[in-house]
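Q: I have a model open and would like to talk through how it is put together. Could we go residue by residue where that helps?

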Amino acid sequence: LLGDVILAVDGKPAVDVDGLVALLEGYGVGDEVELVIYRGGEVLTVPVVLGASGPTRARGGTSGTGFR
C-alpha cells in the first residue's frame, strides 16, 4: 500500500522496519492480522491475510521477509 505507514500489528507497536519484521516473524502464511496504518491523514485498522514474500535471498535481501 504505497504511502501507508504501518503503526502496529495486532495491537503491538511497529516502531521501525526491524520491529515490524520481528512482529511478522511470529506469524505464518495465511494468518490474518490487524494492521493499524496511517493513510492520508487518518489512522485506520485493516484486516490483512499474510502471504509469502518473493525470493529475496538470491538478490541480497533479508531472509524471506520481503523487506530491504
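Q: Let's start with Asp4: does Asp4 count as buried or exposed?
A: Bearing in mind that this is a predicted model, Asp4 counts as buried, because its relative accessibility is 18%, which falls under the 20% cut-off for that class.

Q: And where is Asp4 placed relative to E1?
A: Asp4 sits in the segment before E1, and strand E1 itself covers residues 5-9.

Q: Which residues does Asp4 touch, leaving out those up to four places away in sequence?
A: With those neighbours left out, Asp4 touches Ile37, Tyr38 and Arg39. Between the side chains of Asp4 and Arg39 there is also a polar contact of 2.8 Å.

Q: How many salt bridges does the structure hold?
A: The structure holds one salt bridge, and it is formed by the side chains of Asp4 and Arg39, at 2.8 Å from N to O. Since Asp4 belongs to the segment before E1 and Arg39 to strand E3, the pair ties together parts that are 35 residues apart in sequence. As a general point, side chains of opposite charge can pair when their charged atoms come close.

Q: Is the Arg39 end buried or partly exposed?
A: Arg39 counts as partly exposed, with 34% relative accessibility, whereas Asp4 is buried at 18%.

Q: OK, changing topic to the sheet. What is the strand order?
A: The sheet is open and has four strands in the order E2-E1-E3-E4, with antiparallel pairing. Strand E2 (12-13) and E4 stand at the edges and have a single partner strand each, so one side of each is left without a neighbour in the sheet.

Q: How many bridges link E1 and E3?
A: E1 and E3 pair in the antiparallel sense over four bridges. Within that pairing, Val5 stands opposite Tyr38 in E3, and Ile6 stands opposite Ile37 in E3.

Q: What about E3 and E4, how many bridges there?
A: Strand E3 (residues 32-39) and strand E4 (residues 42-49) pair over eight bridges, again in the antiparallel sense.

Q: What does the hairpin of E3 and E4 look like between the strands?
A: The hairpin of E3 and E4 has two residues between the strands, and Gly40 takes a positive phi near 55° there.

Q: How far apart are Gly28 and Leu50?
A: In sequence Gly28 and Leu50 are 22 residues apart, while in space they are 7.1 Å apart, taken C-alpha to C-alpha.

Notes. Residues are numbered from 1 along each chain as its sequence is written. This is a predicted model: local features need pLDDT of at least 70, side-chain atom pairs count only at pLDDT 80 or more; totals for chains, interfaces and linings use all residues. Side-chain values use heavy atoms; hydrogens and water are left out. Buried means under 20% relative accessible area, exposed over 50%, partly exposed in between (1.4 Å probe, protein chains only). A polar contact is a pair of N or O atoms within 3.5 Å; within protein, one must be able to donate a hydrogen and the other to accept it, and residues adjacent in sequence count only if both atoms are side-chain atoms. Contact means heavy atoms within 4.5 Å. Two strands pair if DSSP finds at least two bridges between them. A salt bridge is a side-chain nitrogen of Lys or Arg within 4 Å of a carboxyl oxygen of Asp or Glu.
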